[in-house]
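Hi,

Here is the structure I promised to pass along.

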Protein chains: 4
Amino acid sequence: MRAFVMKRIGEVGVMEKPVPTPGPNDAIVRTTAALICTSDSHTVRGAIGPRENLTLGHESVGVIAALGDAVTGLRIGQRVAVNAITPCYVCENCLRGFTSQCTESLGGWKFANVKDGAMAEYFHVNQAVANLAPIPDSVPDEAAVYTCDMMSTGFMAAEHAQIPLGGTVAVFAAGPVGLMAIQGAKLLGAGWVAAVESVPRRQELARRFGADEVIDFTRGDPVATIRERTGGAGVDAAIEALGSEATFMNCVRATRPGGTISNVGYHGEGDYVRIPRLDWGVGMNDKTIRTGLCPGGRERMSRLLRFLASGRLDPTVMTTHRFAFSEIEAAFRMMDRKEDGIIKPLIRF
Amino acid sequence: MRAFVMKRIGEVGVMEKPVPTPGPNDAIVRTTAALICTSDSHTVRGAIGPRENLTLGHESVGVIAALGDAVTGLRIGQRVAVNAITPCYVCENCLRGFTSQCTESLGGWKFANVKDGAMAEYFHVNQAVANLAPIPDSVPDEAAVYTCDMMSTGFMAAEHAQIPLGGTVAVFAAGPVGLMAIQGAKLLGAGWVAAVESVPRRQELARRFGADEVIDFTRGDPVATIRERTGGAGVDAAIEALGSEATFMNCVRATRPGGTISNVGYHGEGDYVRIPRLDWGVGMNDKTIRTGLCPGGRERMSRLLRFLASGRLDPTVMTTHRFAFSEIEAAFRMMDRKEDGIIKPLIRF
Amino acid sequence: MRAFVMKRIGEVGVMEKPVPTPGPNDAIVRTTAALICTSDSHTVRGAIGPRENLTLGHESVGVIAALGDAVTGLRIGQRVAVNAITPCYVCENCLRGFTSQCTESLGGWKFANVKDGAMAEYFHVNQAVANLAPIPDSVPDEAAVYTCDMMSTGFMAAEHAQIPLGGTVAVFAAGPVGLMAIQGAKLLGAGWVAAVESVPRRQELARRFGADEVIDFTRGDPVATIRERTGGAGVDAAIEALGSEATFMNCVRATRPGGTISNVGYHGEGDYVRIPRLDWGVGMNDKTIRTGLCPGGRERMSRLLRFLASGRLDPTVMTTHRFAFSEIEAAFRMMDRKEDGIIKPLIRF
Amino acid sequence: MRAFVMKRIGEVGVMEKPVPTPGPNDAIVRTTAALICTSDSHTVRGAIGPRENLTLGHESVGVIAALGDAVTGLRIGQRVAVNAITPCYVCENCLRGFTSQCTESLGGWKFANVKDGAMAEYFHVNQAVANLAPIPDSVPDEAAVYTCDMMSTGFMAAEHAQIPLGGTVAVFAAGPVGLMAIQGAKLLGAGWVAAVESVPRRQELARRFGADEVIDFTRGDPVATIRERTGGAGVDAAIEALGSEATFMNCVRATRPGGTISNVGYHGEGDYVRIPRLDWGVGMNDKTIRTGLCPGGRERMSRLLRFLASGRLDPTVMTTHRFAFSEIEAAFRMMDRKEDGIIKPLIRF
């Protein structure tokens with residue numbers, strides 16, 4: 001089969017690999033649709049160290065092609081979505097409820113990290129019973145593929161934000177995860193959501209996914225605007241959806257005492273991320289900084305798919321570009337360089 | 001009446017002031033016992049800016065001397081404990097449940113900050129119904145005075161730590177608040193508590209209040225020891241009870257994925273407090289950083305007093321020195337310089 | 001001033017009363033709009049015992065006419081909404097966070113219970129700072145009045161239901177509180193909401209407020225339908241919005257293991273309310289039964305008003321009838337008898 | 001091997017069975033110590049319907065005798081404790097966090113229910129990685145065996161009780177689960193715990209495990225006593241540890257508004273369990289009724305074992321009688337009839 005791989009740091013390409021085979025608890029999925037994620041760019045640049053001929057990708061849906069002997073309740077030919085994070089569910093961290101930290105810090109992230117990813121004609125899924133979510137008939141693959149990471153991650157950001165009913169939220173950066181965080185905040189009862197974003201196309205999508213106000217940080221201090229809009233107090237919750245220290249510090253500054261900073265951005269640089277001491281109430285003003293990694297699992301995926309089945313939410317408006325798998329290298333390059341206002345490129349198999 | 005005041009930055013002394021009078025919802029308390037807190041030293045050094053002839057002190061108990069017209073359910077002559085933090089309970093932050101952030105960030109802290117403190121022969125208490133806690137007959141003033149700040153603050157650190165039953169906790173620094181955090185962690189079901197402390201007297205008290213292990217950070221990296229003792233994983237929760245960036249960073253390093261860093265230390269220096277990026281899982285390993293300020297209020301104080309009434313806990317072993325109020329200046333100097341292994345000095349009126 | 005009163009059990013009427021005067025922490029509000037609530041009918045029938053010439057009503061908005069001396073941050077002439085429940089915020093139950101249980105069980109309910117209600121030209125509000133919520137200019141009184149009870153109570157039902165994001169909910173009975181529970185469940189991220197209701201007008205409103213399916217219990221066992229729609233499992237949460245034992249038992253039957261039964265109905269009859277033992281997992285299947293009473297307070301009211309200011313929600317579609325205050329007796333009779341498909345009658349002053 | 005079985009309803013005995021073999025994810029344990037539980041008596045009497053030659057028992061520890069091919073991180077010969085509840089961890093209810101409701105209501109309960117139990121020379125454990133907890137060297141089998149059900153169940157009762165720090169708790173019935181609920185309430189920060197019990201030996205143990213007061217319900221209404229001790233208010237939480245409607249109703253009566261009733265008793269009789277309507281605040285006084293079934297899993301078991309390793313807790317004082325496995329029939333009869341003040345009989349293999 002063909003797989004899109006990171007050959008080494010800085011180099012990608014398509015190569016032939018054998019179709020994987022399942023262990024007793026595993027499944028093999030034949031890919032039908034996939035999305036490219038910016039984190040693959042980080043990986044290729046070396047963010048998690050060297051890899052050799054590692055298949056990339058972690059946002060794929062498809063059809064069950066093979067099942068391990070101990071797998072029950074699933075059948076070959078079933079359409080399924082698989083989350084970017086595929087925990088074992090039986091290790092200590094999983095039993096503690098932190099399945100994304102399966103085995104160790106960030107250890108639930110297996111695709112394109114500790115094993116081949118899902119940007120290939122077939123991919124392997126561990127613990128199939130818990131990690132494969134059947135896709136309802138009414139939900140097309142092109143929509144379902146958004147549950148794999150974008151919806152699960154963005155909504156988690158909102159779940160971690162502890163938004164009071166009718167509360168105020170600021171989402172910093174309206175990339176695809178930020179957009180889903182905006183949507184998530186609205187789904188979870190926020191009364192006012194501000195998106196901090198300067199790119200017009202993203203501003204537009206932010207409004208579409210429910211932002212009550214869009215704040216362009218190139219036109220003035222967004223924290224000052226947020227404070228003004230909230231009677232001087234700041235927001236109940238701020239969501240960091242970029243992974244930059246400057247944005248993180250703004251989140252701390254923009255929240256009111258007792259507020260929550262929900263971090264979902266991948267902080268890729270520097271030895272430290274700084275908290276502004278006074279805005280943090282010298283460590284005493286009841287602010288909470290919460291972090292997390294995309295929660296996976298069939299049960300959660302099924303809940304996310306419900307929003308697509310009912311038509312309440314349409315994430316496919318984020319699909320700005322479409323490619324065949326044969327065009328994957330060009331698509332990856334485009335996403336890597338964020339050309340042509342790209343938000344999410346869909347790959348069809 | 002006599003009051004112990006901060007005359008200006010760097011200068012303290014005793015002066016005569018009129019006995020305060022109550023507004024409709026207030027009370028005046030005649031002081032019987034008080035503790036000196038290190039935070040008064042910070043204040044005198046200018047940590048919260050200049051003050052002129054401001055009465056110091058926020059850990060006092062006494063007897064009700066006068067009550068406002070609208071106060072019900074209390075009577076003159078009643079023995080009462082008053083928390084360091086005296087919220088209004090009716091402003092927006094109080095109604096949100098963040099009473100220590102009454103009105104604004106840290107705004108529940110009124111004594112020796114926005115109004116005269118409690119190190120005087122009489123002191124004024126706002127919102128008396130909610131802020132005065134009757135002391136049970138069986139509890140002496142010298143024990144009850146520990147509920148005003150030390151027990152409430154230290155126990156809050158443990159409450160914020162989200163300790164699973166039988167979980168592991170590391171408390172960084174065993175000053176009086178750290179000691180009460182150790183005790184609080186044990187009260188809340190911790191299965192293993194490590195105290196990181198190098199001063200022998202404090203190490204001893206740490207063991208007495210329930211530390212299963214004392215780690216002397218002068219003899220090696222305490223985080224390495226914590227990891228070793230927890231099978232490499234780190235603790236479920238780390239409590240910062242010092243207010244230093246180095247200690248805070250160790251808390252982030254010492255916790256396992258999904259763990260909680262409960263900050264109770266007052267961070268008095270620098271523009272920023274740094275988070276070590278990799279130990280924080282690049283912002284994605286489900287760690288939570290929670291902060292807080294001593295929670296006040298009659299209802300909580302009554303629950304804390306229950307531990308003293310039943311004899312389950314004896315905080316008075318922290319009372320290393322005793323003084324008459326006439327000796328307050330010497331006592332303050334001793335506490336300021338941490339002479340003679342002082343932990344908490346008790347002032348009797 | 002004129003007031004609509006319960007003269008004695010079974011008898012209502014309009015009478016002259018003096019305009020009330022405020023104590024130091026109180027306010028007097030001149031009424032502009034009010035809603036009639038079915039619970040007043042219960043009261044008049046004797047549900048809470050005898051009362052003599054007690055002013056009825058607890059869903060009123062108006063303009064501040066007078067303020068007590070100790071009240072700050074409000075001004076005469078301001079448009080305000082007042083919740084049906086007006087806690088003191090300083091008693092033990094309030095400090096515990098159960099403000100609706102102010103002082104004692106259900107003790108936050110003061111209007112038309114322990115003091116004159118709000119269906120009069122003027123009404124008295126205790127603890128004004130915490131209980132008066134300024135109404136944004138863009139929100140008309142006729143909409144704001146829905147925050148006093150219907151929105152606050154119905155949304156609380158959904159908040160107590162612990163709905164997982166994308167989870168399933170069944171709301172039993174789509175009267176005004178049930179309708180707001182449906183809306184609340186959608187606001188809080190439910191993925192599928194079923195309304196169990198047989199009256200066509202209410203079925204229609206249920207759909208309008210977000211019900212994905214309406215189940216007519218006169219056409220078959222609604223629990224069987226709910227189980228069928230949820231793959232045999234039952235819903236994550238069931239909301240009892242009627243106050244009947246039969247409906248409560250259906251809630252227990254309709255929830256899956258680990259689910260929540262959120263009770264908001266007033267159970268007015270019998271010595272006991274029965275739990276079906278086997279559907280309750282013989283007391284061991286992780287189900288939770290949660291109860292509550294309309295939460296009040298300025299801070300919550302302000303959050304609810306935000307939904308009206310942004311136009312996200314329009315509760316006025318429940319206003320089926322409108323009356324002048326001079327027609328209050330006829331309006332009350334109509335509501336009492338539920339004539340002409342009445343849902344909520346608005347009274348204008 | 002020999003196994004102690006329920007031959008049919010009403011009849012028990014020892015029989016020969018083949019040593020079980022493991023599937024890919026399973027383990028076989030050679031039993032070293034076990035406890036008899038009253039629920040086996042219920043089973044034999046037919047509480048869960050007919051069974052034929054079903055091995056009884058669910059409180060056993062032992063040594064790993066065989067492991068499935070897919071099991072990692074465990075080794076033959078290791079001493080392990082296995083919880084009474086052995087979930088799969090990958091089904092929908094497990095992924096929702098309700099592992100005791102694995103697959104279906106109460107479905108985590110597999111031993112002596114849907115498969116052979118653990119009162120045999122060898123027993124089979126599904127999902128071995130998650131269900132086998134290594135026993136620390138310092139903890140003898142005779143103590144470790146208490147984690148299998150008594151500690152896990154009793155402590156869960158306290159965890160569900162939502163006890164505020166220093167709060168008040170009443171535990172109804174001090175059988176072995178009630179005793180562990182008392183201990184659990186103390187471990188979790190209760191300030192005052194009352195045990196309602198009339199049997200002297202159990203009263204004594206209740207005090208030993210931390211009860212501040214023992215209330216003999218044969219000498220007067222225990223609820224009246226509880227109210228008197230709590231200033232008329234009732235307790236923050238009541239724990240039902242018997243499984244009787246009368247006791248359950250007392251729990252509702254004994255709790256204050258906003259309080260929690262934590263049910264852990266197995267309600268074996270009648271079609272309904274009644275809630276007293278007025279004490280339940282007509283369904284509106286913020287009381288919560290929470291149920292649950294013994295939580296299992298290696299991670300939790302390891303936390304419970306920590307209390308034994310540190311010597312903080314000694315459950316073996318509940319071991320009133322000791323038998324060899326060859327005496328199992330006599331032991332079972334004695335437990336069934338609660339002869340000789342028996343609390344827990346230990347079976348040695």
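To start with a term: two residues are in contact if their C-beta atoms, placed from the backbone, lie within 7 Å. On that basis, residues 24 or more positions apart make up 72% of the contacts in chain A that have a separation of 6 or more.

Some housekeeping before the rest. This is a predicted model, where local features need pLDDT of at least 70, side-chain atom pairs count only at pLDDT 80 or more, and totals for chains, interfaces and linings use all residues. Residues are numbered from 1 along each chain as its sequence is written, while chains are lettered from A and ligands numbered from 1 in the order in which they are written.

Chain A overall

Chain A has 11 helices and 17 strands (DSSP runs numbered from the N terminus: H or I of at least four residues for helices, E of at least two for strands). Its radius of gyration is 20 Å, close to the 20 Å from the globule rule for 349 residues, so chain A is as compact as a globular protein of that length. (That radius is taken over C-alpha atoms, and the rule is 2.2 Å times the number of residues to the power 0.38.) The C-alpha trace of chain A spans about 60 × 40 × 40 Å along its principal axes. Of the 349 residues in chain A, 64% are buried, meaning 20 or more other C-beta atoms within 10 Å of their own; 12 or fewer is exposed, and in between is partly exposed.

Two helix pairs

In chain A, the axes of H5 (residues 150-160) and H6 (residues 176-187) come within 7 Å and cross at roughly 55 degrees. That makes H5(A) oblique to H6(A). (Axes are lines fitted to C-alpha atoms, for helices over the stretch in contact, with angles from 0 to 180 degrees between N-to-C directions. Under 35 degrees is roughly parallel, over 145 roughly antiparallel, 65 to 115 roughly perpendicular, and the rest oblique.) By class, this contact between H5(A) and H6(A) has 11 nonpolar, four polar and no charged residues. Here Ala, Val, Leu, Ile, Met, Phe, Trp, Tyr, Cys and Pro count as nonpolar, Asp, Glu, Lys and Arg as charged, and the others, Gly among them, as polar.

The axes of H8 (residues 222-229) and H9 (residues 245-254) of chain A come within 10 Å and cross at roughly 20 degrees, so H8(A) and H9(A) are roughly parallel. Pro222(A), Val223(A) and Ile226(A) of H8(A) meet Asn250(A), Arg253(A) and Ala254(A) of H9(A). That contact has four nonpolar, one polar and one charged residues.

Most residues other than glycine have a negative phi. Asp286(A) has a positive phi, near 60 degrees, and sits in the loop between strands S14 (272-276) and S15 (288-291) of chain A. Asp286(A) counts as buried because it has 26 C-beta neighbours inside 10 Å. Gln162(C) also has a positive phi, near 50 degrees, in the loop between helix H5 (150-160) and strand S9 (168-172) of chain C. With 16 other C-beta atoms within 10 Å, Gln162(C) is partly exposed.

Where chains D and C meet

The contact takes 37 residues from chain D and 37 from chain C. On the chain D side, S13 (255-263), S14 (272-276) and S15 (288-291) each supply at least two residues, and S14(D) gives the largest share, five residues. That side divides into 13 nonpolar, 17 polar and seven charged residues.

Cheers
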